[in-house]
Amino acid sequence: MSAYGSRPAASSGSRTNGLAIAGLVCGIVGLFFLSFVLGPLAIIFGALALRQKAAGGAGMAKAGLILGVIDVILFIVMIAVAANGGFSWYVGG
């Protein structure tokens, strides 16, 4: 129980930027699904979160930004491989 006029214990401390969390989640999920959509979203959310200096989560924003770039590069590589007929594994004989 808290006294009248005091702050609840759950709200004390700094809050993490929601855009940083969104960028990180989009970057991680984009590694596995829909990298052509989630990669650019991770880049956008990460860049916007880095611009907001007051909110915490700069590390998550940078990670989301990096993962977004990796997602876009991964998508470009997958398109290039698919355009060349895919992989061809020739073993032996």
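Biologist: What share of the contacts with a separation of 6 or more comes from residues 24 or more positions apart?

Modeller: That share is 65% in this chain, where contact means heavy atoms within 4.5 Å. Please keep in mind that this is a predicted model, in which local features need pLDDT of at least 70, side-chain atom pairs count only at pLDDT 80 or more, and totals for chains, interfaces and linings use all residues. Residues are numbered from 1 along each chain as its sequence is written, and side-chain values use heavy atoms, with hydrogens and water left out.

Biologist: What makes up the pattern along the sequence?

Modeller: The pattern reads α-α-α, with three helices and zero strands. Helices are DSSP runs of H or I with at least four residues, strands are runs of E with at least two, and both are numbered from the N terminus.

Biologist: How do you know that the span of helix H2 agrees with its 17 residues?

Modeller: The expected span is 1.5 Å times one less than the number of residues. For residues 35-51 that gives 24 Å, and the end C-alpha atoms are 24 Å apart, so the two agree.

Biologist: Which residues of H2 are called buried?

Modeller: Buried means under 20% relative accessible area, exposed over 50%, and partly exposed in between, with a 1.4 Å probe and protein chains only. In H2, Ser35, Leu38, Gly39, Ala42, Gly46 and Ala49 are buried. Seen down the axis, they fall within an arc of 105°, so they line one face of the helix; the arc is taken from the directions from the helix axis to the C-beta atoms.

Biologist: What do they pack against?

Modeller: The buried residues of H2 pack against H1 (18-30) and H3 (58-83).
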